[in-house]
Amino acid sequence: MNKRGESATAVEQMIVSASRLIKDGSVLMVGTQWPVIVSLLAKSLHAPDIAICFEGGAVLNRIPDRVPFFTGDPVVNAHCVLLGNSLDTLGITLHGGKADMALLSAASVDRYGNINTTCVGDYTSPKIRLAGSGGACDFGSLAPKTIIIVEHDKRRFPEKVDFITTPGYLWGKDSRAAAGLRPETGPYAVVTTLGLFHFDEQGEMILAAHHPSASVREVSENVQWDLKVDSNVKALVPPSEKELETLRYQLDPEGMYLRSARLLKGIKISV
Amino acid sequence: MSEAVERYVNNGDALFLGGFVQQEPFAAAHEIMRQGKRDLTISKCAGMSLVDQMIGAGVIKHLITSFTWNPLPAAAHCFVRSLTQEIPHRIEVEEYSLLALNLAYFAGSLDLPYVATKTMLGSGFDWEQNDSGAKNRLKFEQSPFTGERVCLVPPIKHDVGIIQVQRSDPYGNAQAWGMLGENRYGLQSCERIIICAEEIVDTDIVMRDPNRTLVPAFRVHAVVEEPWGGHPHPMAGYYDMDWLYFAYYERETHTEELFQAFLRKWVYGVQDRKEYLRLLGAKRLESLQPEPFISEPVSYGRLTRHFEV
């Protein structure tokens, strides 16, 4: 547990920076891992009237009694205004054009915001096999604004992902339209433990802000291509005391998200 | 359970396994593994440790899925071993996005020729745009109405559908609540349906709340009363997800040898679900029980007066 008054970790800064991008009143498609805690933080503070929609068919309307470990966590059952089918949220809400924003985690993200959560190496004979799409491909294909939240590690930022699980701007903005994806959809921002990125006219990732403790150079050195940097690049505003208190002591007192791998390593097994 | 699986699940069948985190038919899956069924096609949106175990046990030939994971942030080791090391053999994987698979079940249950969608275009699933090597049954066309590029999702149908639900009457009028995922259309895209229920209740209880019915008895071939049949996954109102299990599963399956020992203990080493629960222990089960969170009864209104004309 972080002590009171201790300054924000890179993960906390990432969660807070992402949550600030959420506008009150919006309808969100929320994916597993970071998006869960990001959306709950927004709902606890500046955006109480967001609708948090999960791929399994849930619309969450209240902060659950314990932080959900993933979007299918049964703890959400008693805190929803709608519990239905995947076709209610992914279908009617997202494909039907009623969602404003989607939040996603990723294994890797490339220059044009394409996400891979399928495999490392060739699909037919992978070096490492990952989980696959779930609703991620649908979020990235259909949502007006997709925010990608991912821990920063150079290996996670190749110039071109091995497999496009979730389409970003493909090979540049025009190719997204050419593939038939709807206009006015696509990645909006990438928030990492080093910085915040937007997408330029060509659909290429551009560094908009860096974490207070990370330099522009450090960020640039941690992607595998020549990173564009916004001429107005600045440092992210650190989390306020209120944001940190809410995150640490109200939402995640057990550190399921704030202390990495707590879920796996911290649980004592008694079987 | 053993009779239902023996009678209705054949080697080589295509099986829809219901449950999106909640309602997962673990007891049925273990029985399928004990009976050593072979060459199955398993179709399941969220292929978590249930699908992983079936892959490791060698019963799956072809997997239709949208993702397969632990579901902690940890690998499904048997799934990974199958695809990277061909242990016990390399399964064929047919992957779609979650929405696309839901649409495929929807098309399958209504017997639609296909459903057109705007998802997956340009992604690795889009073999026309992307030479990714992914194999699926999608087609890409221009919409005859708007001329825009659309993805055509085929109907996916199954020989057998199996799900674990909260309650059913003895005839198979099955009711479920909680997060329902793809359950409704997945089940309806099956020729034969096996319902596993936490409780068997009178038909009258079903008829007082018919909105909660997932599938009506006329579609159902077998009903099995199997309390705790969804463990380690959760059942709304009955038990929580058994979080300890997944870290244990991750640890106890990360090598092939460990996984075989896991199977011997938890699947082959027990005769049925009752023995499995004894092995798990009453204390463990007790720790998973939720506090009640009861909904208000509603009235559907019974109309007994006849019209006076």
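**Chat about the core of a predicted model**

Modeller: In this predicted model, 54% of the 271 residues of chain A count as buried, meaning that 20 or more other C-beta atoms, placed from the backbone, lie within 10 Å of a residue's own. Local features need pLDDT of at least 70 and side-chain atom pairs 80 or more, while totals for chains, interfaces and linings use all residues. Residues are numbered from 1 along each chain as its sequence is written, with chains lettered from A in the order in which they are written.

Biologist: How many helices and strands does chain A have?

Modeller: Eight helices and 14 strands, counted as DSSP runs (H or I, at least four residues; E, at least two).

Biologist: OK, the core. Which residues touch the most other members of the largest one?

Modeller: A:Leu28, A:Ile37, A:Ile149 and B:Ile195, out of 167 residues. A nonpolar core here is a set of buried Ala, Val, Leu, Ile, Met, Phe, Trp, Tyr and Cys residues joined through C-beta atoms within 7 Å.

Biologist: And which helix of chain B gives the most to this core?

Modeller: Helix α5 of chain B, residues 98–110, with nine residues.

Biologist: Where does the core lie relative to domain 1 and domain 2 of chain B?

Modeller: Between them, because both give residues to it. The bounds come from an automatic or database domain assignment.

Biologist: Back to A:Leu28. What is it in contact with, leaving aside neighbours within four places in sequence?

Modeller: Its partners include A:Ile22, A:Ser39, A:Ile50, A:Cys53 and A:Met101; contact means C-beta atoms within 7 Å.

Conventions: Buried ≥ 20, exposed ≤ 12 C-beta atoms within 10 Å, placed from the backbone. Contact = placed C-beta atoms within 7 Å.
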